[in-house]
Amino acid sequence: MKKTVLVLLGLLLVFSALAIAQGYETMPADAKIIPLGQADTPYADAQPGVRGGIFYCATISNPKKWNDVTAHETSTTQYTGLMLEGLISTNPVTVAIEPELAKSWDVSEDGLTITFHLRQGLKWSDGEPFTADDVIFSFNDLYLNEDVETDTRDILVLPDDSYPVVTKIDDYTVQVTTSVVFRPILNSMGANILPKHALAQYVHKLNPDVPVGTFNSAWGLDTDPSELVGMGPFIVESYTPDQNVTMRRNPYYYHYDPNGVQLPYFDKYVVLTVASQDVSLLKFRNGELDALGIRAADVPILKSEEAQKGFTVLVNPDLPNYGTSWIGINEDIGLAEGTHDNERALFRTRDFRAALAHLVDKQAIIDSLYNGLAVPQWSPVSYLSPFYAGRDYYGGPVTEKDAVIFEYSLDKAAELLDGIGIVDRDGDGWRDYEDGTRVEIELNTNAGNTVREGICLIVADRAAKIGLKLNFVPVDFNTLVNKLFASTGELIILGLTGGPEPNNGANVYKSDGGLHFWHYSAADNPTEVEKKIDELLDAGVSTLDNDKAFEIYKEYQITLAKDDLGLVYTVNSAFTYAYYNKVGNGNLSSPVATPGGGGLADICYFK
Amino acid sequence: MGLFRREKEPPREGDKQEYVSPSQWKMIWRAFRKHRLGNVGMAIILVLIVGAVFAEFFAPYDYKDQYNSYSFSPPSTLHFRSESGFSLRPFVYKTKRTFDRETYRPVFTEDTSKKYYIRLFVRGSEYRLLGLFKTNIHFFGARSEDGDEAMVFLFGADAYGRDLFTRVMIGGRISLAVGPFVILLGFPISIFLGGISGYYGGGVDMFLQRFGEVFMAIPGLPILLVIGAALSGFGLSAVLVFFGIIGALTIVSWAGMARVIRGQVLAIRQMDFVSSAKAAGASDVRIIIRHIAPNVTSYLVVAATLTIPGMMLSEAALSFLGYGIHEPMTSWGQLLNAATNISGIQEHPWLLIPGVFIVISVLAFNFMGDALRDAVDPFSIV
Amino acid sequence: MITYIVRRTLYMLPLLIIVSLISFLLIYIMPGDYLTRAQMNPQVTQETLAQMRAAYGLDQSVLVQYWLWLKQIILHGNFGMSFETMRPVFWTLFMGGRLMWTIIVSLTTMLLTWMISIPLGIYSATHQYKPSDHTLTFFGFLGLSIPNFFFALVLLWLLVAVFKVGNHGLGVGGLFDNRFIAAPWSLAKFGNLLWHIWPAWLVIGTSGMAGLIRYMRGSLLDTLSLQYVQTARAKGLPERTVIYKHAVRNAINPLVSMLGMSLPGLVSGSLITAIVLNLPTVERAFFSALQMQDQYVIMGGLLFFSLFLLLGNLIADILLAWVDPRIRYS
């Protein structure tokens, strides 16, 4: 007993000494404890670690700026995301929403007001205190400020085109009011919070001395890294283009492990910029990287070296990544020009789209393009989302009980085509329209994406087998996007990013959505099925009850996949990842969080 | 300039001294024949050209046909020996693909119950020979005694189970054609503008020189990339992409060539025989055709031969940077680029075979050009 | 001579303007613009995109855009902003020592190539048609024939998978091993730099050696057949003296002008090698701008490469006048 006390006391001394050296004198009362290794928590499989070491990982592109608010691409946000935190966050293991800078929140009974209670006594990485002013600044002066160029404003907009009103109650309480009930607003309020004391000087609204729009170029790559301030685990320390970004530990980070050790464990977090995934693969095999996201094609090589080199290749054929991959069928083809009447009529026939769905040889795609490491996809909502219709209830296990499967079947596809009068009329081996002209459809994807090109090749090959002529023409990515938006494409294979929130797809699947590119004319004249989808999407956001929302989104997903078929889904790559065994807690890696992709960066350590 | 003159050997005793002057081309040919590496190069080029022209005949399959159950099949093993003894005629076995879930590698096992002999002139997929004659005779294929067919992948198969040998044969067409097409397109421009510039001089020369300089001031690879990106915007069919690449390569290469031709013409124009022709009252056209053209042609032949390998490599480089020939069409550059990754090198090295074809043909063209240059030189015009 | 250089330099100006106009039009033909990519983000509305397009001036006609860009250069020396970094284009292209590394890699490669090729060319010429000449020619051309992107990757793969350099603590790709990235300069760091740079020398160098060897060989053969060399031989001078003292000196002259001409090629020709070997060079920054359609950075890059090309030609002419006193410019 005495011994234990002594040991504990000793430990405490060591830790407090460490803490003094690193920033906080003692653990702030409102620190967030990550229950590493504690039973009945999502972290049961994890271990509390030890501090120290430099972690190396790799990425393909250079960062473009250090400004999280105006950044458009992950090459920048992978760093700014580590530097900053939001009021709430998604748990890297369970994908559930959990408190972050806010320690708790209450939702009013009418669902129109959310009150966030902030953690007290936290400090920015430069030692300045964190208060409600930073939250108000981030929302009112940055995200909702018209002078600031930001994508985040678009996720804050409410169904009636108004924005939430964010007000300060006291130094540690913030209230958000919306004009209508909007379930995803809680998630949107998780946008990163920025330091007012460091950034207010660049905002014209607060500092009229600077011209309008100054903030858009604030915190650029030429900013001295010592000026960068954040709340996240790591802060950028130095940057060399095409070589590396080095991040240092935030001395005031407020995450602690159950032993009272301040996180993150790593002293430094270094991201090497490499020009190709082949080079990063070589660097990983050469021992220069501690963890790496890998391609399906690289799995056999790494698997064969796993034991000998002491790393682990995480391969889970059943666990797909976020995002969708699909064939878009342009139902408005030639509408504006008054051409392509045959095609338009054909594309608007549900059975044609169903025939196409039967032509997607998913197994061949998975075998030859993904090395067996992908799963068939049928829903626009990501597999990982708690709203995925393959689950039994909100956040429940995936059973795929209600999956809408269009199995690969040349016979069924041929039968459907025969049924709508698309048959070979002149005996040349190719199917024709009723007027005798040959059905000849162009299939596009972006040149250079070998996987999508491969899907096109396989689909066109199978279509030819039943006499349906698809001409595969790869085009430049921007051309493809232009084709989508101008409704001049015929069949297009592309993908979209995804996430846990189904409503993020509203812009795509709503009949008047800006990305409803396969049927823009639906904005004025939606079909019955599209009307139903619109209604379901509206219903999904206006309830705060997740279980109720789940049922709504389930019906929505099944309707889209079975009746609408505007997009025919293909396959989704499985999660593949590799890390050296010396990286503790690397086993928690999942499509949402990896040691090298953030998410686990604060809790991984060197054994 | 005579940079590449061979040492002239003094006539040996006993050599017959002929006084009939052989034609210029005969002499070049004679000198060329002495150059061993050059001859090997020419022979290789001829073989490759024949292969490309009759590609569909030599290839056992259609280059687009997918045999997915043979995805990443290694090259077929040609057997000569079985339990039943030695057979002079090679045969293959059918293979079955299974996927090893432990190693994530496909495994191919031979089914030795039935032999499929390599036979010549077998019937297969239909095609048009030279684009004209419809036929289904292929040079070779594997058939059993009872006429059953087995796949034979001389160079293995790609991800979709397409026969690499077939694709190399078809791809050679594009790769071998890029250089000649650029020359066909660019040389007339260079010859015309460079010729006029050199022959007439003065204001015309001045103007054309400045015009050419604009093109020479445009950096080669960067502008190729910009043109490639601009072209990719039109969603061109594969054939047009090919011509787009040729156009782009022409744009960046014609001006330099024109400048050299101008210099050539300028030098010849000042030679005695041209001056005398002029004094004799020959017209410009006659002087150009009778006196200048023959002297420039041999140079052009050499320049053409040495341009081709550079263009082949450019085509491959463009493929790597994403602006080259792309699916469903194919070329050696595209094939090599698709295989140039770590899993290609380590897991399915047979996919790198197209690279061997690039190297060999570039070498062959260079040797041939080098030998031609040596051969042409006695006339001291290069 | 000075007036000649000044005149040639002034003459570059109109050339660069024409080149810039052509480039601008080409960039305009390229499909879409910088914001096209953002259009595919489900969370960005079309209104936001239209606002951004207006803010970037991308909603104006191409000639207006060109004119505004040119005016900024003339009036303020401002070559425009990068859409991606919101910083001036040349800063974006050159930042973090890219310009320095480009020059270091180019110059060292060139120097090495010349130091190896010239002696080989001399050897080849003095052993004309001997097996050693053929072998040299063969390997020279072999180096030229292997596509750089393939050679570079295979080289790295050999180092990692076959020679297992990682077991000896050596890294591949980039400029330094991890442990040297942040370290101050030392002999060990310099040694590490050499270890990372030699693959670039090998890949870029081998593709240029064949030409140089053949040129040197031809030039020397030419000189050796000239009268004065024969005279020197007839005087009974040792063959070594004849070759090295008399012939080589003159044979090198025509190659000197090639030195200037090869400069621009080195700066814009090592793109592929730089991509595979992960070297921070200007052309890589240019290439990524091209992929993102960061149009003013593309323009800046093209102008930079053009200028380098013109300067290279000028240097070539000056060098030629310097080594060959018969040439006079006025």
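Residues are numbered from 1 along each chain as its sequence is written, while chains are lettered from A and ligands numbered from 1 in the order in which they are written. Since this is a predicted model, local features need pLDDT of at least 70 and side-chain atom pairs count only at pLDDT 80 or more, whereas totals for chains, interfaces and linings use all residues.

**View 1. The helices of chain C.** Chain C has 14 helices and zero strands, where helices (H or I, at least four residues) and strands (E, at least two) are DSSP runs numbered from the N terminus. Along its principal axes, the C-alpha trace of chain C spans about 85 × 60 × 35 Å.

**View 2. The crossing of α6 and α9 in chain C.** Helix α6 (residues 131-145) of chain C and helix α9 (residues 187-224) of chain C have axes that come within 6 Å and cross at roughly 140°; such axes are lines fitted to C-alpha atoms, for helices over the stretch in contact, and angles run from 0 to 180 degrees between N-to-C directions. α6(C) and α9(C) are therefore oblique to each other, given that angles under 35 degrees count as roughly parallel, over 145 as roughly antiparallel, 65 to 115 as roughly perpendicular and the rest as oblique. The crossing in which α6(C) passes α9(C) is left-handed, a word used if the near helix is turned anticlockwise from the far one by less than a right angle, with right-handed used if clockwise. On the side of α6(C), the contact is made by Leu136(C), Gly140(C), Phe141(C), Gly143(C) and Leu144(C), and on the side of α9(C) by Thr206(C), Ser207(C), Met209(C), Ala210(C) and Ile213(C), where two residues are in contact if their C-beta atoms, placed from the backbone, lie within 7 Å. Sorted by class, the residues of this contact of α6(C) with α9(C) are six nonpolar, four polar and no charged; Ala, Val, Leu, Ile, Met, Phe, Trp, Tyr, Cys and Pro count as nonpolar, Asp, Glu, Lys and Arg as charged, and the others, Gly among them, as polar.

**View 3. Where chain C meets chain A.** This contact takes 42 residues from chain C and 45 residues from chain A. On the side of chain C that touches chain A, the elements that give two or more residues are α2 (46-55), α7 (148-162), α8 (178-181) and α12 (271-277) of chain C. That side of chain C has 22 nonpolar, 16 polar and four charged residues.

**View 4. Where chain B meets chain A.** Here 23 residues of chain B are in contact with 30 residues of chain A. Two or more residues of the side of chain B that touches chain A come from each of α6 (220-232) and α11 (342-346) of chain B, and α11(B) gives the largest share, three residues. By class, this side of chain B has seven nonpolar, 13 polar and three charged residues.

**View 5. The five-stranded sheet of chain B.** An open sheet of chain B has five strands in the order β1-β2-β3-β4-β5, with antiparallel pairing, where two strands pair if DSSP finds at least two bridges between them. At the edges stand β1 (79-82) and β5 (149-150) of chain B, each with a single partner strand, so one side of each is left without a neighbour in the sheet. Strand β4 (residues 133-143) of chain B runs antiparallel to β5(B) and is joined to β5(B) by two bridges, and Arg143(B) stands opposite Glu149(B) in β5(B).

View 6. Four strands of chain A form an open sheet in the order β2-β12-β10-β9, and their pairing is mixed. The edge strands are β2 (54-59) and β9 (234-240) of chain A, each of which pairs on one side only. Neighbouring strands of this sheet are turned by 20° against each other on average, direction ignored. Within the sheet, strand β10 (residues 244-249) of chain A pairs with strand β12 (residues 268-273) of chain A in the antiparallel sense over five bridges, and Thr246(A) stands opposite Val270(A) in β12(A). Helix α2 (residues 74-83) of chain A packs on the sheet, where it touches β2, β9 and β10 of chain A, and its direction makes about 140° with that of β9(A).
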